[in-house]
Every structure is written in C-alpha cells, then in structure tokens.
Amino acid sequence: MLCGHDDGDTYSIGGPSELNGREVVSRLISPPFFNALSQTDACEFTVYGAMLYYKLWNHRNDMYHRGVPLELDKLNRQIKELASESLNLAAGVDMQEVGVVASVFFDEAGNLVAFVAKKVHVLLAFQGELEALAFGVALAKELHLGGVDFSSDCQQLVQALIVGSSPVWFLTLSFNELYHALVANDSHVVWISRVFNKAAHSLARWGLSHPCNGLLRFWEAALREGLPLTKSEEAFYLDWVVHSFRITNCGVQDTSQVHWSILHEIHTHMCYSNFNDIIHTIINMDIDLITIENSRSDEKLLSVFREGVKYGAGIGPGVYDIHSPSIPSAEEITDRINKMLVVLETNILWVNPNCGLKTRKYTEVKPALSNTIAAAKLLRSHLASAK
C-alpha cells in the first residue's frame, strides 16, 4: 500500500518491513545494494522507482477519491514511458523539437479579432497543446477579455482540464498554472474537431517558416515605382493599388496601436521614396504604422507635414542612416527626434533606423541602437516632466 507521511501509511518493499512514504523515497534513492550497481543501473533504478512511486501514488488517490478502477497493464505501460522520458532527460538527450503554437480570436459574430503565433520547444504533443492554450489565455488577459471560451482539438488536454489533473508528471506545474488562470478568467475549454480548427493550424504552419514577432508587416509597398508615365492615369492607378492593399489585410480588425504582441497592427515600409505627393494615398491605405527613409534626405520628407497635412497613424522616420558606417551619438539622434516633433505629434512618432540593418556589422549596430534607445528614453523623460 502506498500512502503519505503518517505512521499508518505503509508500503512493503523487498520483504516484510513496513515503511512510510518518506522511507520508501529514501530507499528508492539510496537502496542497500546501491554500491553494487553500475552508475547506469543505479540511475535507471532510481528513476524507474521514482516514476513507480509517482504513478502508484496518483492512482491510489484516483481509486480512493474518484473510484477509478486499477488497470495494471495500462499503469505498467505509463510507468515505463515516464521512466524512459526521464532517463533521456537525465542523460542530456536533446529530445526537444521546435514547433509553433497559434491562437486565433473571433468575436460573437464570427469576425476576426486577433491572431498570433510563436515558436516553442516541446518534448511531447500534449506539451505543445498545453503551451498553445496557455498562450491564448495570456493573450486574452492582455486584451482585457473576460469570460473567453476556448476551443482545442486535443481531447487529452480537454479531458485533463475536466478532471483537473495533468497526465504528464513533469508538466504538472504548467498545467496547474493554466487551470487556475482559466478559473480566474471565468473561461471554459471545449473540444473542437481539427477540421473546424483550420485557422489556428494554418497560422501555426505559417509560423514555422516565418519570424513570429507579433506584427503583420507589408514590406516595401512600392507605390511610386509602378506609377504610370502618363499623368492622366496616375489617379486610377493609385486608387487601384490602395484597393488591392486593403484587400490583403481586410480580415484584420481596425484596432490600431494595441499591445505589441498581438498580430493586430499593420506595418509597412517605404524606402527611398518621395511620398510627399502621394501622402493622401498613403493615408487611404489605412495602415497602423509606416516607416520611411528620412535621415538621408535631411528631414525633407517631413515637409508635407509642415504644410498642414494631418496624419493620424503611426510614423517612423529614420533617425539615422544605416548605409553609413558612422555611429550616431545619442545627442545627434535626440536632435533629429526633436526636429520631427516640431511637425509630428508625440503619440504617433516611432523611433527607428531608416531601414534594415543587415548591411552593417554587429560592432556598428549595437552601439547605434544603444544610442537610439538612450535618446528615446531621454526624450520620454523630458516629455513626462513637461506634463
């Protein structure tokens, strides 16, 4: 009989002597014949014994409290599987696989609210399903959504949440955290067929081959490059490209500037493009943020805002030229940001380099970005003090 710490809770091991729970664990860790075993055998004995004790203890509780019948063959198979997994972990075998978990949120009308994916390292399929649901619960909290009903196509996870117990011993802590988070948020989890869960799986497959950074990006929307040579055809062309652009992201709900980790913001970038004469076209694109090359043009691209054009979305004029090996000081960047703030509101200004960084060496990138961060922090502090 396996039980806990009380004197009456006994378990016989290798003979008539009666041991309480603590003594059983001690005997498994350091048996009398331990010195006669090889290091490998000793490790296997201890791990197998620990899994044996763990599963028997859990099953004893299931039998006593829930009336679960004893199935020795099934129990023996579970113990062997757990011991095998634990021995691989103890031996330092890298069993982890890279996977992607995804969460897709819909409102009551079926409209897409948010979708996001991230890469994870897992040992078991159940662990991946657990990570996916925990990820969704965390996102719901960040979105301030209460009473969210979650769907999972993993029957094992849904059943485990019903009984309130993890079927995998080394995931017990993560499972309990998820269970309590669901209860705290008044959320429920129901099983859904994989056939009806295509959105999450499609997003996960996409995440395997793409960086999951929480933003929906449209890189280099090259509007000017396709402008017709005939002036009379420009208006039709610009209307057409805006319509086409908006079709590509029409499934994303219009909630700009939400938390960065939600795949909700639509970002685009225009590099070395004189966009002053197409500013109204850019406004009609209905994007949340546009980053532009500005540092090499000596702020000329911002002249349109000096002429009274109002732009309500986010804009990130480049604060330094990444095509130059020179490293800007924090003072230089601060001066450039201050020039931008003359024509742009603080709530729409983003601070970023003017383009990608792959043309630069790491020894150039790190100090330049550090100075950029320092400048942004300094100005935020000054603006907060001014208020």
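E364 is buried in this predicted model, its relative accessible area being 16%. That value falls on the buried side because the limit is under 20%.

The whole structure holds four salt bridges. Another joins the side chains of R66 and D62, at 2.5 Å from N to O. Both residues belong to helix α2, which spans residues 39-66. They lie four residues apart, so about one helical turn separates them. D62 is partly exposed, at 23% relative accessibility. K231 and E234 also form a salt bridge, with 3.5 Å between the closest N and O atoms. K231 is exposed, and its relative accessible area is 64%.

Nonpolar packing was examined next. In soluble globular proteins, nonpolar side chains tend to be buried together. The largest nonpolar core here comprises 37 residues. I282, M285, I290, F305, Y311, I315 and L344 have the most contacts inside it. At least two core residues come from each of several elements, including the helices α9 (279-284), α11 (330-341) and α12 (362-386) and the strands β8 (266-270) and β9 (289-292). Helix α8 provides the largest share, five residues. Beyond its neighbours within four places in sequence, F305 is in contact with I279, Y311, I315, V343 and L344.

Key:
Residues numbered from 1 in each chain as written. Predicted model: local features only at pLDDT ≥ 70, side-chain atom pairs only at ≥ 80, totals over all residues. Heavy atoms only, no water. Buried < 20%, exposed > 50% of the residue type's maximum accessible area, 1.4 Å probe, protein only. Core = buried A, V, L, I, M, F, W, Y, C linked by side-chain atoms within 4.5 Å. Contact = heavy atoms within 4.5 Å.
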